[in-house]
Amino acid sequence: MTESIERPASDPHLRPAGLRGVAADLSSDQRAFKNVSWGKAMMWIFLLSDTFIFGCFLLAYMTARMSTTVAWPNPSEVFALTIGGKEIPLILIAIMTFVLISSSGTMAMAVNFGYRHDRRKTALLMLATAVLGAAFVGMQAFEWTKLIREGVRPWENPWGAAQFGSSFFMITGFHGTHVSIGVLFLLIMARKVWRGDFDQERRGFFTSRKGHYEIVEITGLYWHFVDLVWVFIFAFFYLW
């Protein structure tokens, strides 16, 4: 004789039948995100929309490059720097990539110490991330200046296809704007962390509940996204 074991109505393995089951399935995402804060959810939505924008830019770049009948400039020659009388291809781009990837490491450590409520280390690591980001933007400005002096414009360039200039300035400029905004936000948040705004629940913008450093994690999500986008730009624009 077997005994029938009754499961409670709240058992997640039980699914209502019929239209109620369909409604339960459709609302499962809402239940999954019930414990996610609005700030984090909104950041994920923003990053998703930004992914579509960068994806469209990169698709437009690939379409322009594959459809043009004029020779596309060689990135190893265009982005070479003369050091000690020798031309070194992509040296500046390699340094920029190393700096930006390193900033992801400092940002990750800042989030870690934020969870531990270590104000000093969190603020210093966020400041270090901002410095690395500012260095990246500075090197990008140098790169822009160099190419403009060499005759690159959004409508022409001395090495071949005219679409090269417009693609370069649009994609790297849009990404550089994201990095610049991230640097500014990092500086603001580092100051708030250092002053103890999140421990004292001091009034102001982006001040979360007392004792919560969630805004540091949200800032980290944005920064890691910016770094990830650069990996794709580096691969498609500089290595292809």
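Let's say that two residues are in contact when they have heavy atoms within 4.5 Å of each other. With that in hand, look at F237: setting aside its neighbours within four places in sequence, F237 touches Y61, P75, F79, F164, S167, F168 and I171. Before going on, bear in mind that this is a predicted model, where local features need pLDDT of at least 70, side-chain atom pairs count only at pLDDT 80 or more, and totals for chains, interfaces and linings use all residues. Residues are numbered from 1 along each chain as its sequence is written, and side-chain values use heavy atoms, with hydrogens and water left out.

Now for the helices, which are DSSP runs (H or I, at least four residues) numbered from the N terminus. Helix α9 covers residues 214–238, and its 25 residues reach 36 Å from first C-alpha to last, close to the 36 Å expected (the expected span is 1.5 Å times one less than the number of residues). Of those 25 residues, 18 are buried, so α9 is largely enclosed by the rest of the structure. Buried here means under 20% relative accessible area, with a 1.4 Å probe and protein chains only.

After α6 comes G151, with a positive phi near 105°.

What holds the most contacts inside the largest nonpolar core? The residues are F79, M126, W230, F237 and Y238, in a core of 55 residues. Such a core is a set of buried Ala, Val, Leu, Ile, Met, Phe, Trp, Tyr and Cys residues joined through side-chain atoms within 4.5 Å. At least two residues of this core come from each of α3 (38–67), α5 (91–115), α6, α7 (163–195) and α9. The largest share, 14 residues, is from α9.

On a 1 Å grid over the protein atoms alone, a cavity is a set of points where a 1.4 Å probe fits but cannot get out, while a pocket is an open set with protein on both sides within 12 Å along at least five of seven lines; lining residues have an atom within 4 Å of a point. The largest cavity is lined by V78, F79, L81, L92, I93, E143, K146 and L147, and α6 gives the largest share of that lining, three residues. The second largest pocket is lined by T51, F54, G55, L58, F225, L228, V229 and F232, with α3 and α9 each giving two or more residues.

Definitions and conventions: Buried means under 20% relative accessible area, exposed over 50%, partly exposed in between (1.4 Å probe, protein chains only).
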